[in-house]
Amino acid sequence: MKTLLKGGRVIDPVAGRDGQFDVLIDGDRVAKIGKGIPAGDARVIDVPAGFIVAPGLIDMHVHLREPGQEHKETIATGLASAVAGGFTAVACMPNTSPVNDQAGITQFILKRAAEAGLARVYPIGAVSIGSNGEQLTEIGDLRQAGCVAITDDGKPVGTALLMRRALEYASMFMMPVIEHCEDPSLKGDGVAHEGAVASLLGLKGIPACAESIMAERDISLAELTGGRVHIAHMSARQTLRAVRDGKARGVHVTCEVTPHHFTLTDEAIRGYDTNTKMNPPLREEADRQAMIDGLRDGTIDAIATDHAPHHADEKALEFDKAPFGIVGLETAIPLCVSRLIEPGLIDWPRLIDLLSAAPARILGLPGGTLAEGGPADITVIAPAAAVTVRAAALRSKSKNTPFDGWALKGAAAATIVGGRVVFVNDAVAGAERFQ
Amino acid sequence: MGDLTMLRSRHLLGIEDLEPAEISLILDTAVAMKEVGTRSIKKVPALRGRTVVNLFFEPSTRTRLSFELAEKRLSADTMGMTTAGSSVVKGETLIDTARTLEAMSPDMIVVRHACSGAAHVLARVCRSSIINAGDGTHEHPTQALLDAFTIQGRKGRLAGVRVAIIGDLAHSRVLRSNVLLLTRMGAEVVACGPATLIPVGLGRMGVTVTTSIDEACEGADVLMMLRVQHERMHGLFLPSVREYFTLFGLTAARLARAKSDAIVMHPGPMNRGVEIASDVADGNQSVILDQVANGVAVRMAVLYLLAGGEQNEGA
């Protein structure tokens, strides 16, 4: 079966493409990209004026919670949320229960993902057994089963020695080690960014250098070993500086930032709303500004959501007691468009690179570009669509977002995975053509 | 008394939400309430028929008793709940506990909790007036009000008074509420403590920060000592009790650096020989027991005003 997407603004930074093109899909592959492609026997979809046709977005940092925490999210609900947010693929973190530290669990995740039949899932395995920071997992076996990277996310890799060995060992399989940078002793039982706001609110602080110190350790170890380290959810300007210096020295270091860290600051925690509690915490304006600088100058490679669903009961507690994390898959496009594109901070090709090409590059995934013969994973974006975030209407099983009620711009109009339209946004005029 | 006769909010969550006129209203009202405590029959009918719940999730002696007495002197019906032996130890959440109590239709809930922001959580879900009796390391508004009442009683004013607050600044809700109140009312505040116990950004709250107790005492009208908890002595904050007292304890020699009529305050409970020498604590410049007495009057004023003040009279 063939489908012809006619006349959208095709943006593909890998191919250096940005303009009005037609995209012909044949089965699960892109057959042809060009101008005035004859329809032939293909079903023709006239892409509404102004819509963007991009290589499928990839969220490289998602917590799907299954197995073990299905009250927060299941693979099926998480993937429904992903495609509604315009993501054709997600990489899922291993801090499930049990931890994804062996091939059998990886296989279970992939089986569930296939049953859901929505976005693609690329599991990330644990660095250490049980993510306990002691003994390496069977990384080769995890790779064989389908893991694309390793991490002990939720916490940092326990010791410098373990990190060194992980970088060395994973390099045999061309896998990056993804690091949740946080010095545990400096974090202590902190719940918010250490700064004037937390001081006033009487909340225990997590200093910015808890992150940067660990990043500096890992960058030095990547330099030593030649391995690849990826810094997850960077939040502090000191960390950005460490990554920038590392890159300048030629170290294989990459990093990501979340939409909430380039949108919000610790001012948001006034009032003790537990939906503003995440790890790393919301930092100061100078840090937020640094994240934007990093997005502009290329130091930051990717945008990832750190989608972290928690049940409403778990969040309806004292600030100290509530878990860290917010959902992010369905608010990513509107925040990127409203906070980065609309103010003219970055352009569309750069945004598509951050959300699609870069994650594919870092994790070594197919996709991230619209190539003839490549997978037909496509995100159609309505950049001018007005959206109001409604927590209750999110597809994710959990509704823990600080953006409830926010009026934003930009939405996924349709999400196509392997040539199949898996999501059509009925709130966007013109999107029904993809039905 | 000024034009203001009521508080804007039905809750007292922190000094942060109070305007100077509201602070003055509470302090002025406390003067009348203090007089009630001098009568042979120490009771007025202002809160007759009102129910007040004292919800204490943290151990407390003086604050809990002070609130109880204030409530009784205003003729409120009171009930108390402490964590031990309650549903809390069975795993009930704060919100569920509050909702359970609310089902009994109280008018006010006085809450003490170890978590900063706990009173805010209750204010979001409760119909009752919430009075914060201390939340974590955030605020303790009635303590700051009774401290201000005590200072005003002794010095006749708050504006221009030099107050040195000395001790564990980082973990003190008394510090935060006092800094907010005193700076708002025009007092000059110096905060002094070991460098390991100074919260980030304190200098931006309109106070002078120093690690020298001699500098803090110099020319002070008020020396407010803060409790240093024993657990801080075993961590990485302080090497020993001995060194703490040497560097930060209030002694007669240090007191002599303050103005000759300076007063010494402490929110209690005191650690004698840790933050304060016994001769100073018991000396004639100490107003520590006045603070306790004033606490009842100030809490009566807060309860009375939150219940509607004059609007409530004869209702």
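## Tyr272(A) and Phe319(A)

In this predicted model, both Tyr272(A) and Phe319(A) are buried, a term for under 20% relative accessible area, with exposed over 50% and partly exposed in between (1.4 Å probe, protein chains only). The whole structure holds 4 aromatic pairs over all chains. Rings of Phe, Tyr and Trp (its six-membered ring) pair if their centres lie within 6.5 Å; planes under 30 degrees apart count as stacked, over 60 as edge-to-face and the rest as tilted. Tyr272(A) and Phe319(A) form an edge-to-face pair, at 6.5 Å centre to centre with 75° between the planes.

This pair links distant parts of the chain, 47 residues apart. Tyr272(A) is in the loop between helix 9 (259-263) and helix 10 (285-297) of chain A, while Phe319(A) is in the loop between helix 11 (312-315) and helix 12 (332-341).

## A pair within one helix

Tyr244(B) and Phe248(B) form a stacked pair, 5.4 Å centre to centre and 25° between the planes. Both belong to helix 8 (residues 241-248) of chain B, 4 residues apart, about one turn of the helix. Helices (H or I, at least four residues) and strands (E, at least two) are DSSP runs, numbered from the N terminus.

Tyr244(B) counts as buried because its relative accessibility is 2%. Phe248(B) counts as buried because its value is 7%.

## Charges over rings

The charged end of Lys35(A) sits over the ring of Phe21(A), 4.4 Å from its centre. Such a contact requires NZ of Lys or CZ of Arg within 6 Å of the ring centre and within 35 degrees of the ring normal. Lys277(A) lies over the face of Phe324(A), 4.7 Å from the ring centre.

## Conventions

Residues are numbered from 1 along each chain as its sequence is written, and chains are lettered from A and ligands numbered from 1 in the order in which they are written. Local features need pLDDT of at least 70, side-chain atom pairs count only at pLDDT 80 or more, and totals for chains, interfaces and linings use all residues, while side-chain values use heavy atoms, leaving out hydrogens and water.
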